[in-house]
Amino acid sequence: MVLPFKHEPFTDFNESANREAFRQVLKKTESQLGEDIPLMINGQKVYTEEKIVSINPANKEQVVGKASMASTDHIDQAMNAAQEAFKEWGRWSAEARAEVLFRTAAIVRRKKYEFASILVYDAGKPWGQADADIAEGIDFLEYYGREMIKLAEGKWVEDRPNENNSYFYQPLGPGVAIPPWNFAFAIVCGTTVGPLVAGNTVLLKPSENTPVIAYKLVEALMEAGVPDGAIHFVPGDPKEIGDYLVDHSKTHFINFTGSRATGTRIIERAAKIQEGQDFLKRVVAEMGGKDTIIVDNDADIDLAADAIVQSAFGFQGQKCSACSRAIIHEAVYDEVLTKAIEKTKQITIGNTAEQDFYMSAVINQKQFDKIKQYIDIGKTEGELAYGGEMDDSNGYFVYPTIFKDVDPNAQIMQEEIFGPIVGFAKAKDFDELLDIANNTEYALTGAVISNNRKHLDRARYEFQVGNLYFNRGCTAAIVGYQPFGGFKMSGTNGKAGGPDYLPQFLHAKTVSEMF
Ligand SMILES: NC(=O)c1ccc[n+]([C@@H]2O[C@H](COP(=O)([O-])OP(=O)(O)OC[C@H]3O[C@@H](n4cnc5c(N)ncnc54)[C@H](O)[C@@H]3O)[C@@H](O)[C@H]2O)c1
Ligand SMILES: N[C@@H](CCC=O)C(=O)O
C-alpha cells in the first residue's frame with residue numbers, strides 16, 4: 001500500500017550531533033573529490049577525452065569532479081536508444097514506474113548527507129540549503145510517483161445507453177530534461193523523474209556547473225530499476241549540444257528550467273517542425289524572477305525584516321524566488337530598512353566546506369562579474385546602504401548588499417541579478433505598493449507583510465505572481481504544498497510539485513465503444 005505523501009523533514013543543524021555527523025561526511029566526500037564522471041548511454045558508461053571540470057566556487061583550486069562531454073553523435077545514440085526503450089517503459093504500469101521512484105527516494109534518503117555534502121562542494125551550498133535541496137528531490141520522487149498512480153485511473157466521463165466512454169493518459173515519447181545549477185539535485189530530479197514516471201524516456205543534460213550530483217541521481221535511478229534505455233546522462237557544452245537536443249526530430253518534449261534568455265530560445269526553436277517530425281513538441285520552460293516583498297504600514301516590522309533578509313540572501317540570492325525588491329510603506333520604511341541592515345550584519349560568509357556559514361560563494365566567475373556590474377550600476381541608481389564588497393581571490397564571494405531609495409523602474413529593480421543584492425523603495429499607500437510589485441516583466445514569487453485583511457484579499461487577486469506568500473518570505477516552496485512556477489516572462493507556469501505537472505508530459509485520450 002502506498003502511504004499518503006509526506007514532505008521529507010529537514011535536518012536540524014542546531015543539534016550538535018547532526019553538525020558533527022555532517023562534518024564527518026564532508027571530510028569523507030573531500031577525500032573522494034576529483035572523480036571522473038562518465039556519460040550514461042543505454043546503460044553503458046562512456047568516458048570522453050573532453051571534460052567539464054567542476055570546481056568548488058568557494059575554493060577555486062578544488063576540483064570536485066570531471067565530467068565527460070557528450071557530442072552530437074552521443075546524443076543521436078542516446079535518442080535512438082530512448083526511442084526503442086520507450087516502447088517498453090511506456091507500457092509499464094504506472095504502479096511499477098512509481099515503485100522505481102519510491103525505491104530511488106529510499107536510496108537517496110539513505111545517502112542524504114553524502115548527497116548534501118556534494119552540493120556543498122559542487123554548488124557552494126550552505127548546509128541547511130544543501131539538506132533542503134536533497135529533501136526536495138526526495139519529495140519530487142515520492143510526490144510524482146503518487147500523482148502518476150492517481151492519473152493512471154484516468155478521469156470520469158459520461159456513458160450513454162449502449163456507449164462506453166473512457167478518458168485516460170498516455171506518454172509522449174523520448175524527450176529532454178535541461179535543468180539549471182542552482183537546485184542542482186532537486187530541480188535535476190524533478191525535471192527528470194516527472195516525465196519519466198509518466199512513461200517517457202529521458203535524456204538528462206545537466207548544467208555544466210554541477211554535473212557531479214546529477215550523475216549521482218542517474219546512478220540511484222538505475223540502481224532502483226530504471227531500465228537501461230529509459231534514462232541517459234549527456235552533460236556537455238550547451239553551445240555544442242543545446243540546440244541539437246532541442247531541435248532533434250525525435251525530441252517530443254523539452255523540460256527546461258533556467259534563464260529567460262535560454263528558455264525563450266528553446267520555445268522558439270521547438271516550434272519549428274524538423275524533417276521527419278510528425279508531432280508538436282511540448283515545452284515546459286520555467287524561467288527567471290524579479291521577486292518583491294511588499295510591507296504594509298501596519299506590518300510586524302521584525303517579521304518583515306526577517307522575511308526580506310532571509311529571502312534576499314539565502315543561498316547567496318541565487319534562487320529564482322529570491323527577494324530582490326523590498327517595497328515598503330513610507331510610514332515604516334526607515335524602521336524596516338534599519339532592522340534589515342541590523343540583521344544583515346549578523347550574516348556569516350565563507351567556505352561552507354569548512355564550517356556552516358550562512359552564505360558561501362556565488363557559482364562562478366561569470367556570475368561574480370555580472371553581479372559586480374550590477375553593484376556598480378546600483379551605486380548610480382540608489383544609495384548603497386550596506387555591503388557592496390566582493391572578493392574573488394580564493395572563491396567568488398559577494399557580501400550581502402542593500403541599496404536604498406531606488407527608483408522602482410531602475411535597472412537593478414527590473415533585471416534579474418541572481419546574487420545577494422536587494423533594492424529598497426518607498427510607496428505612499430497600498431495601491432502604490434501593489435503597482436510597484438507588478439511593474440516587472442516577471443511574475444514568479446512575491447510576499448505581502450500586512451495585518452490588514454482587506455489588503456491581503458486584494459493582493460490575493462491583484463499581485464501577479466505564480467507563488468504568493470502572506471506574512472513570510474518569498475522562497476522555499478515545498479513540493480505538494482506550494483506547487484511552484486510563475487507566468488509572464490517567468491515561464492510556462494509548469495507548477496512543479498503540483499497536481500497539474502505530470503499531464504504536461506502526457507497525451508489525453510478518449511475511447512468510445514458501442515455495444
Ligand atoms: N522558475 C523556476 O522554477 C526556476 C528555478 C531555478 C532557476 N531558475 C532560473 O534559472 C536561471 C539560473 O540558472 P542557469 O544559470 O543554469 O540558467 P541557464 O539558462 O544558463 O542554463 C539552464 C540550462 O540550460 C542549458 N542551456 C544553455 N544554453 C542552452 C541552449 N542553447 N539550448 C539548450 N540548453 C541550454 C544549460 O546548460 C543549463 O543546463 C535563473 O534565471 C533562475 O531564475 C528558474
Ligand atoms: N522552488 C524554490 C526556488 C527555485 C528557484 O531557484 C523556492 O521556492 O525557493
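The legends below describe close-up views of the two ligand sites in a predicted model. Local features need pLDDT of at least 70 and side-chain atom pairs count only at pLDDT 80 or more, whereas totals for chains, interfaces and linings use all residues. Residues are numbered from 1 along each chain as its sequence is written, chains are lettered from A and ligands numbered from 1 in the order in which they are written, and side-chain values use heavy atoms, with hydrogens and water left out.

**View 1. The shell of residues around ligand 1.** Ligand 1 is surrounded by 28 residues (a residue counts if one of its heavy atoms lies within 4 Å), and the closest are Glu208, Ser259, Thr262, Met287 and Glu416. Helix 8 (238–247), strand 10 (253–257) and helix 9 (260–270) each supply at least two residues of this shell, where helices (H or I, at least four residues) and strands (E, at least two) are DSSP runs numbered from the N terminus. Because domain 1 (17–287 + 503–514) and domain 2 (291–480) both give residues to the shell, ligand 1 lies between them; the domain bounds come from an automatic or database domain assignment.

**View 2. Polar contacts of ligand 1.** In this view a polar contact is a pair of N or O atoms within 3.5 Å. An oxygen atom of ligand 1 is 2.6 Å from an N or O atom in the side chain of Glu416, while a nitrogen atom of the ligand is 2.7 Å from a polar backbone atom of Met287. For the side chain of Asp243, the distance from one of its N or O atoms to a nitrogen atom of ligand 1 is 3.4 Å. Of the 850 Å² of accessible area that ligand 1 has on its own, the protein covers 88% (Shrake-Rupley method, 1.4 Å probe).

**View 3. The site of ligand 2.** The residues around ligand 2 are Asn182, Phe183, Lys319, Cys320, Ser321, Thr475, Ala476, Ala477 and Phe484. Oxygen atoms of the ligand are placed 2.8 Å from a polar backbone atom of Cys320, 2.7 Å from an N or O atom in the side chain of Ser321, and 2.7 Å from a backbone N or O atom of Ala476. Taken alone, ligand 2 exposes 280 Å², of which the protein buries 95%.

Note on methods: A polar contact is a pair of N or O atoms within 3.5 Å; within protein, one must be able to donate a hydrogen and the other to accept it, and residues adjacent in sequence count only if both atoms are side-chain atoms.
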